Amino acid sequence: MAVKRQSIGERNAAAVAHVSDEPAAAPAPARTATKAATAGSKTRVGTYWQHGTFQEAKSAYMVDLDLSPDAPNVFANWIGRTIEKHARHSPERRAKIVGALDAEPKEGAGVSRSFELYDAIIAQMDSAIVEDRRTLSIMENRTGFVSAAVRAAIADVKKRSGLHTLPPAPARLPKNPPR
């Protein structure tokens, strides 16, 4: 004789109806929130990169891990910090920094990348873009602003490290690399 298999609803009802004489297990200890988790909400921001700039940014991030004890240990957070630092400058200072940078090499097709950035950093970037447009008539979008900020950070890492050419970064960056 075939036994009828219980439906999921019947199994769930039976599980709920089962009362145990054993005491309930102690609740798991509460996890403490990390500083990053409490810093605010994040939004994914898409950007377009020249291939060489993206590779050099990864290299600068890896070198910066050894140069700066407070360097973010996640690439997206490093990108966020470069944007934040660039946005804090006055429009005139940003224009001077960008003017001193070498021209961005445009070889072949670029790549699209997106990063989760804190909403506060995105707001700072957007405010800086508007300020540049109103003050200096510089028409720039988020991708251009991110590119300028990252290229400035690459130049800064090269200067602080004393390297003219940064060592190549691995194809896939490690998450939370050891220091």
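Trp49, Phe54, Tyr61, Phe75, Trp78 and Phe115 form one aromatic cluster. The model is predicted: local features need pLDDT of at least 70, side-chain atom pairs count only at pLDDT 80 or more, and totals for chains, interfaces and linings use all residues. Residues are numbered from 1 along each chain as its sequence is written, and side-chain values use heavy atoms, with hydrogens and water left out.

Seven aromatic pairs were found in a search of the whole structure. Rings of Phe, Tyr and Trp (its six-membered ring) pair if their centres lie within 6.5 Å; planes under 30 degrees apart count as stacked, over 60 as edge-to-face and the rest as tilted. The ring centres of Phe75 and Phe115 are 5.7 Å apart and the planes stand at 70°, so this pair is edge-to-face. Phe75 belongs to helix H4 (residues 75-88) and Phe115 to strand S2 (residues 111-118), so the pair ties together parts that are 40 residues apart in sequence. Helices (H or I, at least four residues) and strands (E, at least two) are DSSP runs, numbered from the N terminus. Both Phe75 and Phe115 are buried (under 20% relative accessible area, 1.4 Å probe, protein chains only).

Two charged ends sit over rings. For Arg113 the ring is that of Phe54, 5.0 Å from its centre. For Lys42 the ring is that of Tyr118, 4.6 Å from its centre. The criterion is NZ of Lys or CZ of Arg within 6 Å of the ring centre and within 35 degrees of the ring normal.

The second largest pocket has a volume of about 600 Å³. A pocket is an open set of points on a 1 Å grid over the protein atoms alone, where a 1.4 Å probe fits, with protein on both sides within 12 Å along at least five of seven lines; lining residues have an atom within 4 Å of a point. Volume is the space filled by probe spheres set on the points, which are joined across faces, edges and corners. Of the 19 lining residues, Val74, Phe75, Ala76, Phe115 and Leu173 lie nearest the centre of this pocket. S2 gives the most to this lining, with four residues.

The largest pocket has a volume of about 820 Å³. Its lining counts 33 residues, with Arg151, Ala152, Ile154, Ala155 and Asp156 closest to the centre. H7 (142-161) is among the helices that supply at least two lining residues. The largest share, 11 residues, comes from H7.

How values were computed
Buried < 20%, exposed > 50% of the residue type's maximum accessible area, 1.4 Å probe, protein only.
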